[in-house]
Amino acid sequence: MHTTLPHPAFGARLRHLAEVQPEDFAGYGDSCTPCVLRGLAPGSRQQAERLVAGLDGRCQVSFSPTSSLFSFERGEAECPRLVNPGRLSMETRDFLRAAGDAEGRASVVNLPYDEACEEEAFTVALKELKSLALYCVEDAARFFPDLCQVGLERLPLLAPHWQPLLREQRLWMSSGGAEGAAAVAAGFHWDHLQNIHVVLSGKKEVFLIPPLLAPALSATRFCPQVQWQMSSEDGRMRLGKLEMKLEESSSDYALVSVDATYQENLARHPSMASELKEPPLWVVLHPGDAIYIPPGWWHSVRTWRPENAAVPLALSVNFWYAMTPEVAAAQGSTLLTLEILSRQRATAGDPEDHLRAFLAKLDPAPDGSFVPVD
């Protein structure tokens, strides 16, 4: 099934993501087929309140004066540059207060991506922080030994053979977009691990594109980069962009954006029209819903904060699993192709140098395929 109207970013009707029952999930997971599980976490509102009540200590918060994270812009140079959100270290209670309507100030520290040490602390008004898109992602193990014991008891039953492969559990918290906007979006990217993501408050709009349609997105992790930086002058918040030394981003990011119009995307990447062989998959997740995103699948997520809720945050949790040996063997060539495409499309450094350095780290596996070597 397709959406009724064409999406403004793609000029086409989107395909609805398959909805499956928990007892049918293993077949989707073991074949790396994305799907949504409605109502996997009943009582999600109470879970969200319980999770927020257990937060303490310091946290890392990403921020941006725009509602589009990890997007590209054209600066003075002809080559597009990736605009990374800024990153702050602050008390978790101050992040929660900024998401609400609290008065006062918070002590924050910039954490640039390409600097090894923290900078000096300064204070900023909570009202000024609230004007930004704020996003906090934390390792859940800092606060809860096992998220499955916080109302997610059904999760391990989806694929019991995955449980020894669990690598990380994360909390995702957002106060919405900048300047009072209800939503914030992260650009298209892909991950190496299996991802089950559960929404507890707010909602998420997820766009998915198969791995090997990468040429339709024009993505790379090797590109000029800047990062938002915060400072304080005469007690007022100031923002600026810091030129980054790093050539390699943490992930591949795409020129094509769900926040751009179809014509804007074509101007950025004219080949999108011919390379996008099928419309993206699409789904809206509500509290209690979960999505499975397989390794290598491109995804862009728009997160909406809840309205009139006790917890003024969009809150979700995700579980990262390594691939089973069978899935790794089946998906290895696809992930290898994505790595090669990223280096071939590099706009920072020499693409051939990036490719040679990557290929030099590969070793032949017993089945004749190639795997990266640490």
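Q: Hi! Where is Glu 179 found?
A: Hello! In this predicted model, Glu 179 sits in the loop between strand S11 (166–174) and S12.

Q: Is Glu 179 buried or exposed there?
A: Glu 179 is exposed, with a relative accessible area of 66%.

Q: And what is the phi of Glu 179 about?
A: Glu 179 has a positive phi of about 55°, although Glu 179 is not a glycine. For background, most residues other than glycine have a negative phi.

Q: Which loop holds Asp 234?
A: Asp 234 is in the loop between strand S16 (225–233) and strand S17 (236–243). Asp 234, not a glycine either, has a positive phi of about 55°. At 77% relative accessibility, Asp 234 counts as exposed.

Q: Good to know. What pLDDT does the chain average?
A: The chain averages a pLDDT of 90, and 93% of the residues score at least 70.

Q: Where is confidence lowest, and where is it highest?
A: The lowest confidence is in strand S24 (residues 370–372), with a mean of 52. The highest is in strand S20 (residues 290–293), at 98. As a reminder, where pLDDT is low, the predicted coordinates should not be read in detail.

Q: Changing topic: how many residues are in the largest nonpolar core?
A: There are 56 residues in the largest nonpolar core. Those with the most contacts inside that core are Phe 25, Phe 95, Leu 129, Ile 196, Val 198 and Met 230.

Q: What does Leu 129 touch, not counting residues up to four places away in sequence?
A: Leu 129 touches Leu 88, Met 90, Ala 98, Ala 106, Val 124, Leu 134 and Met 230. There is also a second, separate core of 24 residues, and among them are Ala 9, Phe 207, Ile 209 and Ala 216.

Q: You listed Ala 98 with Leu 129. Which helix is the place of Ala 98?
A: Ala 98 belongs to helix H3, and at 1% relative accessibility it counts as buried. Apart from neighbours within four places in sequence, Ala 98 is in contact with Leu 126, Leu 129, Lys 130 and Leu 134.

Q: How many residues of helix H3 are buried?
A: Six of the eight residues in helix H3 (residues 92–99) are buried, which leaves the helix mostly covered. The buried ones are Thr 92, Asp 94, Phe 95, Leu 96, Ala 98 and Ala 99.

Q: And Lys 127, where is its place?
A: Lys 127 is in helix H4 (residues 126–130). With a relative accessible area of 39%, Lys 127 is partly exposed.

Q: How many Å apart in space are Ala 98 and Lys 127?
A: Ala 98 and Lys 127 are 6.8 Å apart, C-alpha to C-alpha, and 29 residues apart in sequence. For Lys 127 and Ala 99, 28 residues apart along the chain, the C-alpha separation is 9.2 Å. Beyond residues up to four places away in sequence, Lys 127 touches Asp 101, Ala 102 and Glu 103.

Q: Nice. Let's move to Phe 188: which strand is that in?
A: Phe 188 lies in strand S12 (residues 183–189). Phe 188 counts as buried because its relative accessibility is 0%.

Q: What is Phe 188 in contact with, leaving aside neighbours within four places in sequence?
A: The contacts of Phe 188 include Phe 10, Phe 207, Ile 209, Leu 217, Val 256, Trp 298 and His 299. Phe 188 and Val 256 are 68 residues apart in sequence and 7.7 Å apart in space, C-alpha to C-alpha.

Q: Trp 298 is on that list. Which residues does Pro 210 touch, not counting those up to four places away in sequence?
A: Pro 210 touches Glu 278, Trp 297 and Trp 298. Pro 210 is found in the loop between strand S14 (203–209) and strand S15 (219–222), and at 13% relative accessibility it counts as buried.

Q: Last one: at roughly what angle do the axes of helix H7 and helix H8 cross?
A: The axes of helix H7 (residues 325–344) and helix H8 (residues 351–359) cross at roughly 150° and come within 8 Å. H7 and H8 are therefore roughly antiparallel to each other.

Q: Which residues meet there?
A: Leu 336, Glu 339, Ile 340, Arg 343 and Gln 344 in H7 meet Pro 351, His 354, Leu 355 and Phe 358 in H8. The residues of that contact divide into five nonpolar, two polar and two charged.

Conventions: Residues are numbered from 1 along each chain as its sequence is written. This is a predicted model: local features need pLDDT of at least 70, side-chain atom pairs count only at pLDDT 80 or more; totals for chains, interfaces and linings use all residues. Side-chain values use heavy atoms; hydrogens and water are left out. Helices (H or I, at least four residues) and strands (E, at least two) are DSSP runs, numbered from the N terminus. Buried means under 20% relative accessible area, exposed over 50%, partly exposed in between (1.4 Å probe, protein chains only). Contact means heavy atoms within 4.5 Å. pLDDT is the predictor's confidence in each residue, from 0 to 100. A nonpolar core is a set of buried Ala, Val, Leu, Ile, Met, Phe, Trp, Tyr and Cys residues joined through side-chain atoms within 4.5 Å. Axes are lines fitted to C-alpha atoms, for helices over the stretch in contact, and angles run from 0 to 180 degrees between N-to-C directions. Angles under 35 degrees count as roughly parallel, over 145 as roughly antiparallel, 65 to 115 as roughly perpendicular and the rest as oblique. Ala, Val, Leu, Ile, Met, Phe, Trp, Tyr, Cys and Pro count as nonpolar, Asp, Glu, Lys and Arg as charged, and the others, Gly among them, as polar.
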